[in-house]
Amino acid sequence: MRLKRISILNYKNISQAELEFSPKLNCILGKNGMGKTNLMDAVYYLSFCKSATNPVDSQNILHDQDFFMVQGFYETDHQEPEEVYCGLKRKQKKQFKRNKKEYNRLSDHIGLIPLVMVSPADSCLILGGSEERRRFMDVVISQFDREYLESLIRYNKALLQRNTLLKADAEPEEELMAVWEEMMAAEGERVYRKRKAFIDEFVPVFQSYYSYISQDKEQVSLTYESHAMKGDLLDFLKEVRQRDRILGYTTRGVHKDDLIMQLGEFPIKREGSQGQNKTYLIALKLAQFEFLKRTGSKTTPLVLLDDIFDKLDAGRVEQIVKLVSGDNFGQIFITDTNRDHLDQILQKIEGDYRLFEVENGVVKCSLNHSADNSLEVL
């Protein structure tokens, strides 16, 4: 998939932008706070129907404006056009359209435009709670497996209903509680099986990328943990029902799953340096790209690399540059405050690339290099 052109109005600090992108590499240069990440976030929004940084849609509207609009014009790997539109007015429902036809459910859009984003916010995968690591699995699997997304939605609905009954003043009806527990168990088993199959296939790819970037300096591991590994979920839910009633929430189930991230034999959260943590996260996301590329719709995902070179030594930066400048990747967007980092990458690119500069929400293309080796300084 390639994003040929984007149109933005009043999105975060970008009042207006009409940009045409290179099918290969797009570098976005600017100081912190100028709007580089906001441009990346607009691209992200078109894939996931939401912002990567702020889940409150109305807060993504430019200050003192009444609406925002983001529109993307794509070309599939088979040269077929796709147009995606999103518009939001304050105090109104968000509109999301594919080829001018509005979606009945936003979940139907997920997976059409697969996308992998690496950003400083990813540190929460290592430093944050288990919900961040579950979200990572959910985002990847949902982009290629529609049944998984449907099962996850139904599981969360049943979980919400069970928690509501647990919090009620009156003792819940046995039959009603049983209905939601049976639904949780059935959908939870499906979610567990798909998560386990994903991690079993994902881990070797992840370890290969980490090994390449670190040049075999460290060994890392990624292990999946779930209550569903230890027995029948329905039995667990019945067993802890009275305790859950006292606590007011559900303590067993796949909503408690986690990924154990280790450097050597120890948690990377405790033992990893900033550079090692960054390498771990980048390897995770590059493995996500590889996985999405060869599953589902067989569509090459877009790759967004937001300020990824900070905290990395020169050797690791060079390895990443070799990776992203190779033929394995499709369209790439990279932001940085350091022109030297971007120049290193541009020198290795033989095909198309473009360099954009961002200042106070204004985005301009300053360098355009085409596949015929013509270079235009704008």
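Phe329 is buried, with a relative accessible area of 5% (buried means under 20%, with a 1.4 Å probe and protein chains only). Phe289 is also buried, at 0%. This is a predicted model: local features need pLDDT of at least 70, side-chain atom pairs count only at pLDDT 80 or more, and totals for chains, interfaces and linings use all residues. Residues are numbered from 1 along each chain as its sequence is written, and side-chain values use heavy atoms, without hydrogens and water.

**Aromatic pairs**
- The structure holds 16 aromatic pairs (Phe, Tyr or Trp rings, six-membered for Trp, with centres within 6.5 Å; planes under 30 degrees apart are stacked, over 60 edge-to-face, the rest tilted).
- Phe198 and Phe291 pair edge-to-face, at 4.9 Å centre to centre and 85° between the planes.
- Phe198 lies in helix H5 (residues 174-214) and Phe291 in helix H9 (residues 274-293), so this pair ties together parts 93 residues apart in sequence (helices are DSSP runs of H or I, at least four residues; strands are E runs of at least two; both are numbered from the N terminus).
- Both Phe198 and Phe291 are buried.
- Phe289 and Phe329 are stacked, with 4.5 Å between centres and 20° between planes.
- Ring pairs link Phe136, Phe144, Phe198, Phe202 and Phe291 into a cluster.

**Arg354**
- Arg354 sits in strand E14 (residues 353-359).
- The side chain of Arg354 makes a polar contact with the side chain of Asn368, at 3.1 Å (N or O atoms within 3.5 Å, one able to donate a hydrogen and the other to accept it within protein; sequence neighbours count only if both atoms are side-chain atoms).

Technical notes: Buried means under 20% relative accessible area, exposed over 50%, partly exposed in between (1.4 Å probe, protein chains only).
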